[in-house]
Amino acid sequence: MSKEHKITMLGTGLIGMFYTKTLHEQRGKDRVHAVYSRSEEKVKKFAKDWDIPEYYTSMEAAINDPETDVVVIGLPNNLHKEAVELSAKAGKAILCTKPLARNAGEAKRLLEFVEKAGVFHAYLEDLAYTPKTLKSLASVKKGDLGRILWVRSREAHSGPHSEWFWNIEQAGGGAIIDLGCHCIEIARNFIGKNIKPLEVMCWADTQVHPIDTEDNGIGLVKYENGAIGQFEVSWTFRGGMDLRDEVSGTEGSIWLNHFLRTGFEMFTAENKSGYVAEKSESDTGWLFPVGDEVHELGYVSMFNDVFNALDNGTEPMESFYDGYIVNAIMDACYRSSKSKKWETIHIIDWRGIEQGKKSSVTESFDKNYFLIKKERMPDGQLKLILKEKKSGRMIERVIKEGGHLEDD
Ligand SMILES: NC(=O)c1ccc[n+]([C@@H]2O[C@H](COP(=O)([O-])OP(=O)(O)OC[C@H]3O[C@@H](n4cnc5c(N)ncnc54)[C@H](O)[C@@H]3O)[C@@H](O)[C@H]2O)c1
């Protein structure tokens, strides 16, 4: 039975606003009942704008509001630990934004807090829930793409909107911690969350800004079944927010563009409204607006899944454990970017399968040959590349009319 939840929202910044907008602008019953921010002026205004009955300038008091049963954490990364610890102590359901923590050690502590307290927990990884991603995941789960071999996920924009993101102490890292966490979890979803990520090769550099952390990064995450997750992140990309994914399997491929090329393009010489879409850099000329931003970014499906799981006593699609795995992968990325070598991903308490070896898909053609490749040539012939099982020799054959093989 669907129950009405009252929520404490921690943070009134960009994500606090997107989360509240998602919850309040739909016809759902769950409402933000209490909100926390350090500044009395800001929190009062936020409460008024979104019709929230209670506001607090003390995090602890907001978490312990007697009427709320769920806490949503939308605070800078360095404050997630304190917020989770206090919320677990209060016995409330805890939904935490990404990244779960600044590193795997901290993420593990958060996982322990919620598991010890026995409270419901969800990792708010919205980009695993975009409408296109959910439909693609359903296709992949049915086997439409065969075995997944390679997932490329890219998030790039011109850099974050608040000072704390640029401070390594508060954020834990740069573009990798901020954006790579999305890309890594998207790839895990397509490859299979029970497949163990083994090692990482990563390049990270500070190409533009005078900061102590990376503003660009590229990484390869190798999985035990041989699949590769590739992420590309940037805080210096010009022209809006580039959110793209590509999935390649033995039987098919998917290309997704979530933001800049959604099929909605508009020209204006005089923009009266100003805002176009998150991280859009211009508001005149040719623009790429986004139909329903909270939907396209996955927030609506994410909260539906999370609150349904809470009501039904089931697991949401993304839990604190997933957040911990993502942090463990990012830790290895930072080590690899320094060592310039493949670095092992250290996971304490792996809960997926132990496969032990790479999968392979070698299709037998008949008792003597493996089928390597089949292609229709410009002259209409169907050509096969075959490998002789006994000798290992590669040969070509053409299928003749009636389906017979042409002689050698
Ligand atoms: N797609 C997503 O899921 C997504 C998008 C943006 C941000 N985030 C995450 O949400 C969190 C917040 O990011 P944001 O973009 O909303 O940041 P923001 O800077 O817009 O807002 C941060 C909020 O935290 C408060 N705050 C800042 N420093 C504080 C301090 N020292 N003590 C107490 N409160 C403090 C601010 O007043 C504000 O209310 C981060 O963990 C970020 O990674 C997630």
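Leaving aside its neighbours within four places in sequence, which residues is Ser337 in contact with?

1. Basis of the notes. Residue numbers start from 1 along each chain as its sequence is written. The model is predicted: local features need pLDDT of at least 70, side-chain atom pairs count only at pLDDT 80 or more, and totals for chains, interfaces and linings use all residues.

2. Ser337. The contacts of Ser337, beyond four places in sequence, are Cys202, Trp203 and Ala204; two residues are in contact if their C-beta atoms, placed from the backbone, lie within 7 Å. Ser337 belongs to helix H11 (residues 320–339). Helices (H or I, at least four residues) and strands (E, at least two) are DSSP runs, numbered from the N terminus. Ser337 counts as buried because it has 20 C-beta neighbours inside 10 Å; the cut-offs are 20 or more other C-beta atoms within 10 Å for buried, 12 or fewer for exposed, and partly exposed in between, with C-beta atoms placed from the backbone. The C-alpha atoms of Ser337 and Val200 are 9.4 Å apart, although 137 residues separate the two in sequence.

3. Nonpolar core. The largest nonpolar core holds 95 residues, and Leu10, Val35, Leu95 and Ile329 have the most contacts inside it. Such a core is a set of buried Ala, Val, Leu, Ile, Met, Phe, Trp, Tyr and Cys residues joined through C-beta atoms within 7 Å. At least three residues of this core come from each of domain 1 (6–126) and domain 2 (127–301 + 312–344); the domain bounds come from an automatic or database domain assignment. Not counting residues up to four places away in sequence, Ile329 touches Ile184, Pro197, Val200, Val221 and Ile345.

4. Open sheet. Seven strands make up an open sheet of mixed pairing, in the order E12-E11-E7-E10-E9-E8-E15. Strands E12 (253–257) and E15 (343–344) stand at the edges with a single partner strand each, so one side of each has no neighbour in the sheet. Two strands pair if DSSP finds at least two bridges between them. E7 (residues 148–156) is parallel to E10 (residues 228–234), over seven bridges, and Glu155 has Val233 in E10 as its bridge partner.

5. Strand E11. E7 and E11 run antiparallel and are joined by eight bridges. E11 also pairs with E12 in the antiparallel sense, over five bridges, and these two strands form a hairpin with three residues between them. Asp245 in E11 stands opposite Ser153, and its bridge partner in E12 is Leu256.

6. Backbone geometry to check. Most residues other than glycine have a negative phi, and most peptide bonds are trans. The Lys98 to Pro99 peptide bond is cis, with omega near -15°; Pro99 lies in the loop between E5 (93–97) and H5 (104–117). Lys279 has a positive phi, near 65°, and sits in the loop between E13 (266–268) and E14 (285–287). Phi of Lys340 is also positive, near 60°; this residue is in the loop between H11 and E15. Lys279 is partly exposed, with 18 other C-beta atoms within 10 Å, while Lys340 is exposed, with 10.
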